[in-house]
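Me: Hi! Could you walk me through this structure, one step at a time?

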Amino acid sequence: MANRHTIILMQSSPNRATRTFMDYDSISQAMDGICGLYERKLRELNPTIRNITYDIGDLYNFVDGLADLSALVYDSSIHAFVPNDRQWIKQRMLQHLKRLANR
């Protein structure tokens with residue numbers, strides 16, 4: 001299940017010009033990509049702080065603050081992309097981060 005082509009569709013503000021997408025080879029890579037976006041935003045907002053930390057609540061606030069966020073995950077059994085909402089993404093991010101923490 002982890003190695004499924006995933007496209008993240010995102011709109012960072014109400015301005016439609018902020019619509020973009022990110023293409024990943026797996027759900028896990030897509031979750032890393034979203035975390036990376038948040039980490040870049042944190043560094044941008046806090047350029048003088050060397051070690052920035054955050055928790056899952058902070059990450060959820062970032063996700064909820066986006067105007068729109070969804071994921072299209074390829075399902076080879078139906079040869080189509082299945083849409084998933086913001087809540088699904090938040091659940092997958094938590095699972096992903098838990099797996100990383102247990103390594």
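Me: Happy to have it in view. How are α1 and α2 oriented to each other?
Reply: Keep in mind that this is a predicted model. Helix α1 covers residues 27-45 and helix α2 residues 56-65, and they pack at an angle of about 90° with their axes 11 Å apart. Angles from 65 to 115 degrees count as roughly perpendicular. The two helices α1 and α2 are therefore roughly perpendicular.

Me: Nice. How many nonpolar, polar and charged residues are in the contact of α1 with α2?
Reply: On the α1 side we find Ile34, Cys35, Leu37 and Tyr38, which meet Asp58, Leu59, Phe62 and Val63 of α2. Sorted by class, the residues of this contact come to 7 nonpolar, no polar and 1 charged.

Me: Now the largest pocket: which element gives the largest share of its lining?
Reply: The largest pocket has a volume of about 160 Å³. Its lining consists of Met10, Ser12, Leu37, Arg40, Lys41, Glu44, Phe62 and Leu66, dividing into 4 nonpolar, 1 polar and 3 charged. The largest share, 4 residues, comes from α1.

Me: And in what order do the elements run from the N terminus on?
Reply: The chain holds 3 helices and 4 strands. Read from the N terminus on, the order is β-β-α-α-β-β-α.

Me: Last one, on overall size: what radius of gyration does the chain have?
Reply: Along the principal axes, the C-alpha atoms fill a box of roughly 50 × 40 × 20 Å. A compact globule with 103 residues would have a radius of gyration near 13 Å, and the chain agrees with that, at 14 Å.

Conventions. Residues are numbered from 1 along each chain as its sequence is written. This is a predicted model: local features need pLDDT of at least 70, side-chain atom pairs count only at pLDDT 80 or more; totals for chains, interfaces and linings use all residues. Side-chain values use heavy atoms; hydrogens and water are left out. Axes are lines fitted to C-alpha atoms, for helices over the stretch in contact, and angles run from 0 to 180 degrees between N-to-C directions. Angles under 35 degrees count as roughly parallel, over 145 as roughly antiparallel, 65 to 115 as roughly perpendicular and the rest as oblique. Contact means heavy atoms within 4.5 Å. Ala, Val, Leu, Ile, Met, Phe, Trp, Tyr, Cys and Pro count as nonpolar, Asp, Glu, Lys and Arg as charged, and the others, Gly among them, as polar. On a 1 Å grid over the protein atoms alone, a cavity is a set of points where a 1.4 Å probe fits but cannot get out, and a pocket is an open set with protein on both sides within 12 Å along at least five of seven lines; lining residues have an atom within 4 Å of a point. Grid points are joined across faces, edges and corners, and a volume is the space filled by probe spheres set on the points. The radius of gyration is taken over C-alpha atoms; the globule rule is 2.2 Å times the number of residues to the power 0.38.
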